[in-house]
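The structure comes first, then my notes.

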Amino acid sequence: MGWRGILGFEYGIVQAPLGADISGPELVAAVANAGGLGFLRAPDWESPDYLKELIRKTRSLTKKPFGVYWGECSEELVLKAHQSGVKIVPQVGSLEEAKKAIHAGVDAIIVQGHEAGGHVIGQDALISLLPKVVDLVGDRDIPLIAAGGIVDARGYVAALALGAQGICLGTRFLATEESHAHPAYKRKVVEYDATEYTDVFGRARWPDAPHRVLHTPFFNDCKYIPADQNEAGQPVIGCAIIHDREIEIHRLAGVVPNATTTGDIESMVMYAGQSVGLIKEILPAGEVVKRLVEGAQLLIKNKFSDIL
Ligand SMILES: Cc1cc2nc3c(=O)[nH]c(=O)nc-3n(C[C@H](O)[C@H](O)[C@H](O)COP(=O)(O)O)c2cc1C
């Protein structure tokens, strides 16, 4: 096992599952080939043949192991499709959720701070939540993976100092060459530096599921919509092929634009974490992993070696 490995992976670097289909075979394989752990995002519906094909395609691009996030599709289906060597790695946003995960006997836990992009239920920042979960886990053999606002080697080293064995990045991997995000969305991740925690998108589909989004002009215009309004009844502003389905995207839907999306992209939700302003370029995913590892090694060697 190489530097700071977890779960048998070379490095403790995890690419978060990115819905609805932003983390596809190309991204997952690129992360795996660079020594990290990539998570495929399965469809939110039961589509066994399609899921098998998604996994087959990923396996054709990498010989390394990778993860599958089953979203709203059944756990049993994913386990069947994956066949062997499955490890269970839930994401938690509070101490209560962490307690449940430990009780359920999981292989590792992703601890998500409030800084994270996408759906975020927990209210604690990573800097306060992570050490609490570290203390809770105690000497049990459960690796902890820090998520939320980590985009570079500084965040990686900080997470290690807080007691994590690895890190999980969503927004940073969104702005990579291999991610399936729409090019305009990737560009905005590079250009924008402000996010907001809101509940205005996808209320009909996911009630009570607040999320962190880019502070785009469209979001600024719609952020005060009354609580009883949601995407149902709103006009269709675009369409996309998501996994094996062609869908219409309504205004205020919780669907981020992927590479196939057409229509009013500017008015679609764009999930992103609080550290988005630190992302300055779209990179190959393997380069993201390389810079994290080499940057963290340098940082520890040059900045912290004289503390001892
Ligand atoms: C575009 C996008 C889509 C996401 N989709 C999912 C998802 O489908 N399931 C999930 O558990 N988390 C999802 N997340 C959250 C990530 O798992 C992770 O917690 C988060 O990205 C970490 O914070 P960061 O974005 O600051 O790195 C998503 C995040 C983003 C940015």
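Before reading off a helix pair, I noted how the numbers are defined: axes are lines fitted to C-alpha atoms, for helices over the stretch in contact, and angles run from 0 to 180 degrees between N-to-C directions. I also noted that this is a predicted model.

**Helix pair**

I looked up α4 (residues 95-104) against α5 (residues 126-137) and found an angle of about 30°, with the axes 10 Å apart. Angles under 35 degrees count as roughly parallel, so I logged α4 as roughly parallel to α5. The crossing of α4 and α5 is right-handed. On the α4 side I listed L95, A98, K99 and I102 as making the contact, and on the α5 side K132, V133, L136 and V137. Sorted by class, this contact of α4 with α5 has six nonpolar and two charged residues, and no polar ones.

**Ligand shell**

Which residues are closest to the ligand? I found G19, G117, G118, G170 and G273, in a surrounding set of 28 residues. I then checked which element gives the largest share of this shell, and that is helix α7 (residues 171-174), with three residues. By class I recorded 13 nonpolar, 12 polar and three charged residues around the ligand.

**Domains**

I took the bounds from the domain assignment: domain 1 covers 13-176 + 283-307, and domain 2 covers 183-267. Over C-alpha atoms, the centres of domain 1 and domain 2 are 24 Å apart. For the contact between them I noted 15 residues of domain 1 and 14 residues of domain 2. On the side of domain 1 that touches domain 2, β6 (118-119) and α7 each supply at least two residues. That side of domain 1 divides into nine nonpolar residues, five polar and one charged.

As background, most residues other than glycine have a negative phi, and most peptide bonds are trans. Where is the cis peptide bond? I found it joining G19 and A20, with omega about -10°. A20 sits in the loop between β1 (13-15) and α1 (25-33), and G19 is among the residues closest to the ligand. I also logged D208, which has a positive phi of about 55° although it is not a glycine. D208 lies in the loop that runs between β9 (195-198) and β10 (211-214).

Key. Residues numbered from 1 in each chain as written. Predicted model: local features only at pLDDT ≥ 70, side-chain atom pairs only at ≥ 80, totals over all residues. Near = placed C-beta within 6 Å. Helix = DSSP H or I, 4+ residues; strand = E, 2+ residues; numbered from the N terminus. Nonpolar A, V, L, I, M, F, W, Y, C, P; charged D, E, K, R; others polar. Parallel < 35°, antiparallel > 145°, perpendicular 65-115°, else oblique. Left-handed = near helix turned anticlockwise from the far one by under 90°. Contact = placed C-beta atoms within 7 Å. Domains from an automatic or database assignment.
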